[in-house]
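This report goes through one structure for a reader who is new to it.

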Amino acid sequence: MALKPVLGKLGSKRVVLASASPRRQEILCNVGLRFEVVPSWFKETLEKSSFATPYKYAIETAKQKALEVANRMHVKHLRTPDIVIGADTIVTVDEHILEKPVDKQDAYRMLSRLSGKEHSVFTGVAIVHCNSKDNRLETEVTDFYEETKVKFADLSEELLWEYIHSGEPMDKAGGYGIQALGGMLVEYVHGDFLNVVGFPLNHFCKKLVELYYPPPKHTLHHIKHDSIPSVETFENLSDEESDSSSPIQYKDAIKMDRSKPHSSGGVCSPGSSNIIKPNCMVPVENRNRVMENPDKFPSKIVELLDGFRASKALFVASKLKVFNLLKNKGVLQSVDVANTINASVCGTERLLDACAALGLLEKTIQGYSNTDSANTYLASDSEDSLHGYIIHSNDHLWPLFTHLESAVKEGTMQNYRAFGKKSENLFQDSYYQSMEVKQRFMAAMHSIAKLTAKDVVTAFDLSQFRSACDLGGCTGALANELVQKYPNLKVTVFDLPEVIANVSHFQPVGQHTAPVTFTSGDFFKDNLPAADLYILSRILHDWTDEKIHVLLSKISAACKPGCGLLLSEMVLDDEKKNRSTALLQSLNMLVQTEGKERSGSEYQSLLEHHGFTSVKIRLTGSLLDAIFCTKC
Ligand SMILES: O=c1[nH]cc([C@@H]2O[C@H](COP(=O)(O)OP(=O)(O)OP(=O)(O)O)[C@@H](O)[C@H]2O)c(=O)[nH]1
């Protein structure tokens, strides 16, 4: 197994590790794999007795962890990952399965069982390949497990309790960490050490080799038809030739002889020239494209080149209310759409075709119709509509982004270049100068807040708080989600008077929880309403560190010990290299504000500076992450 090519096959893919385990992150990071971390919300509660063997239980749990993340990212992110990796480590001794101890007594029970004996450590791993087709998530799961035998020395009571009081056992399967203090308890290890730590790296790489480099069978079938030029099909290719970007369909891929016109071995029609028909099995990424050797075809770059066209097609279709029309009418021909939206037939048809190819619409012989996700997210009257944010992106962010080059050169916002107005007072000058711009901005913030609010309010247990104040809480979307989840919580939204004057038509109808209260004021200048939980959602990223210090010191002064502070922002990884959505959002902040996106440790140090401790960060897998801390 050559080292680099194995993991290199994943280099161009969006890989997600569905695990909160810092050890798994470290093991994979250390070998240079690039991935995002989205911890799974799958509860490890499968009925153990229903599995014939312990490893089947570990594999199934790993699979469910990975599938939960794949589904969540597909639904919420609108961007499906290519590969999701899940893992689950368990310890078995005397036919018992041990997972992580729930408390110290439980750790004691586990460790005393292991004392003086050999036990097995199983890690189940699931590699889930994802593909979004017609907005549906298709998954292909490859799983395996690894077993390592570990023998513990005899452990005295004193040693056991000393170890338990170190705190190390609590988040570890079997109640010990072999890589740290727990290593001192171990007499021998038979098998893969990293498997015990939480991830069987060697077996994982072997699986990748199996998936991406199947062994050569030296079978080339030459298919000849009188009317079809001779082609070669292959079942296996050497490394250089192989399109291993999609292991799932690898076996059915087609090799192209560039010197001749080609077909697909009898599946495509003879006259198909070099267009690959959809019913020909080709590697997923190259479907609908002229066949190239994928290792030489810069598909990622081409995708990026196309990115702005795809965004603009979405923006224009939204602006022209195509999705509203199709939601109401069901199926329409392009001419009917063109007539209703008052546009040319030829232009409308191309727009509709592009939207269909992008998976936003369905196209059949009867005409065009919305996909489920267009009905849910793109029609402006839908409960979860992103229409407001799309229009804001088109009318406000797009002009700003056309000046990205100047923003990068000058390091400043581009509001003047884009809109001819200096933004000395950011919100007043940029967003609240006219009723139209203000309503557009509020609708944008409302749609993003609605999309992300559930993830944010459920990221931490906030049940101990009785009153909360959402600073800059705009339309109250997050506040409304909070009172749904915590009906005993009284929530005040504090925002500028211009905003508060316009919140009424964003309020939910028929909500049965206590209403949210709105109070106007400027959090930089005015006294903050009293509360025992303060919330800053998408606020800190607007400002410089200096201004953040001003705001945090005000909040800190208003907080009694034990008060909480909940932030929601896109959190960058510490090295600022992995989370492209968040890094692009940081460019977004550059063109329009004084602020930027920050990493978890940057937020932590800002918060700790103002006496907030126990800073916890939860990556939600959605568009906003959550950070929670308490005033000490
Ligand atoms: O010697 C060691 N043995 C085990 C570990 C760590 O134990 C946990 C096992 O728990 P699990 O597989 O359920 O994984 P979680 O941490 O809960 O994260 P997920 O989000 O993936 O469920 C694992 O972290 C091992 O690394 C150890 O550190 N040393």
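Two residues are in contact if their C-beta atoms, placed from the backbone, lie within 7 Å. Of the contacts in the protein with a separation of 6 or more, 66% are between residues 24 or more positions apart. This is a predicted model, in which local features need pLDDT of at least 70 and side-chain atom pairs count only at pLDDT 80 or more, while totals for chains, interfaces and linings use all residues. Residues are numbered from 1 along each chain as its sequence is written.

The protein has 22 helices and 18 strands, which are DSSP runs (helices H or I, at least four residues; strands E, at least two) numbered from the N terminus. Of its 632 residues, 40% are buried (20 or more other C-beta atoms within 10 Å of the residue's own).

The ligand is surrounded by 24 residues (C-beta atom within 6 Å of the ligand). Ser19, Ser21, Arg23, Ile178 and Gly198 are the closest.

S3 gives the most, with 3 residues.

Helix H17 (residues 435-457) and helix H18 (residues 477-485) have axes that come within 8 Å and cross at roughly 30 degrees. The axes are lines fitted to C-alpha atoms over the stretch in contact, with angles from 0 to 180 degrees between N-to-C directions. H17 and H18 are therefore roughly parallel (angles under 35 degrees). Among the residues of H17 that meet H18 are His446 and Val457.

Key:
Angles under 35 degrees count as roughly parallel, over 145 as roughly antiparallel, 65 to 115 as roughly perpendicular and the rest as oblique. A residue is buried if 20 or more other C-beta atoms lie within 10 Å of its own, exposed if 12 or fewer, and partly exposed in between; C-beta atoms are placed from the backbone.
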